[in-house]
Amino acid sequence: MHSRALHSRQIISGTSYSARPLCKASGRRLSNFSHAQRDLLFCHEHGQSISSRKTVTLASQNANIKAAAVTAAPSFELVPKPVTSVLHNFARFQGLPSIGTSTDFSEAERCFTRLLGAEDLDAQLRSDADLQQAAHVLEEAVAVATGRAFSNAAGGDAEAEAAHLFLQRTLYRINRLVLFWYDDLRNYNNERSIYLAQLRHSIEQPWQQWETAHFDVDAYKSKSVKELQDMVRQQAAHDVDPPLGQTASYIKNEMTTEGYRHLLAVGSVDGLVEASRQSRVCGGAANEIMCAIFRVLMEEYGTGRFNKKHSTFFATMMRELDLNVEPEFYFDLVPWQSLASMNHNFLLTERRRHYLRYAGGLTFFEVNGPSVYRSYLAAAQRVGLSDSASGYWELHIKEDERHGRQMVEDVAVPLIDQYGADGWEVVFGYDQEKMMGDRAGAALLKDLKDVDQKQCTPAMSMT
């Protein structure tokens with residue numbers, strides 16, 4: 001499966017972003033510290049809260065990281081760092097926007113960082129007054145944000161956008177714990193925390209109700225098995241080569257090299273761990289459907305060879321453009337619409353009840369991929385990038401054409417037939433994935449235009 005952030009239609013510097021602080025006293029890299037230890041080192045405000053989400057450039061992100069390292073820990077020096085850690089410093093995140101109340105999302109994120117880093121969160125919450133206060137601040141922010149984001153009156157205003165971003169970042173930080181990142185084992189102390197599970201549910205429930213309200217579910221339920229199978233085939237026939245939309249047209253014909261780098265940076269949050277969530281649905285009873293999904297996963301993973309894994313090709317593109325290939329390094333660049341697609345995918349792959357919806361969504365993803373990546377490849381060629389800087393797209397164009405056909409005929413259609421009255425969930429999942437991708441594409445288009453317009457801004461380096 002290709003990068004979900006990129007496929008959803010989603011720096012400004014010519015320098016490498018691979019430096020990270022090393023503690024002189026212990027000789028340990030900060031990536032090996034627990035979240036709580038990192039919080040002590042990097043917990044700073046980076047500018048004032050803003051009333052609306054602004055595009056975060058790679059240059060400004062880079063400058064904030066350097067400032068945090070120098071200001072918070074003057075005894076640290078910047079040294080090259082192997083690419084093995086992950087979202088290593090939640091506390092250095094840019095200050096999130098205020099929503100016009102006493103609850104500030106930046107403070108809530110810092111409190112969340114403290115909770116994640118607790119040795120035994122559930123036990124400590126029973127007696128630790130400081131953690132109880134942090135939980136109170138976080139829960140208050142979540143309550144206000146869900147009201148802002150999912151109320152009937154919520155639109156595209158700054159407060160609603162800020163609320164969506166905070167909620168989706170919070171969900172992602174919980175969801176990512178189901179994957180293994182080859183970092184400090186203490187970062188997983190709370191992966192089975194009841195408190196975190198309840199927090200996730202308090203966000204997911206109103207969010208999913210809000211997402212579902214965009215569709216007429218009863219209309220899906222009224223279709224016969226044959227009608228549903230015809231629907232998925234007809235939609236796939238259209239989506240394999242749809243008319244060029246606004247986002248794809250801009251990327252293909254206007255996006256600059258700096259925009260392309262931003263595209264890769266945003267996509268890397270998903271692309272460098274490509275297909276990881278898909279792996280969560282490949283266990284269980286053996287049958288032709290399960291094997292068809294696994295064949296797609298197997299090819300995404302290079303049939304077990306690291307140099308052939310698709311994420312390796314993605315990393316090669318990034319290195320060619322002097323981008324940092326540490327997983328999640330560019331998390332701050334990702335708009336909430338792309339995070340929502342990722343979190344939706346986490347939800348569907350972790351809940352067996354949603355298996356049919358996931359299969360439908362994956363079907364759209366594989367069917368539509370080649371058309372999306374042709375625009376990316378054309379953009380790379382237009383601005384004169386090398387084959388190494390665009391090879392991932394060529395690989396996916398070839399493989400996903402086959403994957404799309406497999407997903408329709410070997411997965412979606414048989415599942416609808418097998419599950420009869422519940423088969424509508426396959427088509428619903430297909431349409432929902434498409435809608436969320438289009439929404440993320442609109443957000444990406446805005447950010448790419450902002451980046452392209454600012455490309456003359458002087459770059460800021462880590463060195």
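What percentage of the 463 residues of the protein count as buried? The share is 59%, where buried means under 20% relative accessible area with a 1.4 Å probe, protein chains only.

Before you start clicking, a word on the model. It is predicted, so local features need pLDDT of at least 70 and side-chain atom pairs pLDDT 80 or more, while totals for chains, interfaces and linings use all residues. Residues are numbered from 1 along each chain as its sequence is written, and side-chain values use heavy atoms, leaving out hydrogens and water.

Start with a cartoon view: there are 18 helices and two strands, taken from DSSP runs (H or I, at least four residues, for helices; E, at least two, for strands) and numbered from the N terminus.

Now colour the aromatic rings. You have 19 aromatic pairs to explore; rings of Phe, Tyr and Trp (its six-membered ring) pair if their centres lie within 6.5 Å, and planes under 30 degrees apart are stacked, over 60 edge-to-face, the rest tilted. Select Tyr-392 and Trp-393: their centres are 5.1 Å apart and their planes at 85°, so this pair is edge-to-face. Tyr-392 is buried at 0% relative accessibility, and Trp-393 is buried at 0% too.

Next, go to helix 18 (residues 424–453), where Trp-424 and Phe-428 sit four residues apart, about one turn. Their rings make a tilted pair, 5.9 Å centre to centre with 35° between planes. Trp-424 is buried at 10%, and Phe-428 at 3%.

Terms used
Buried < 20%, exposed > 50% of the residue type's maximum accessible area, 1.4 Å probe, protein only.
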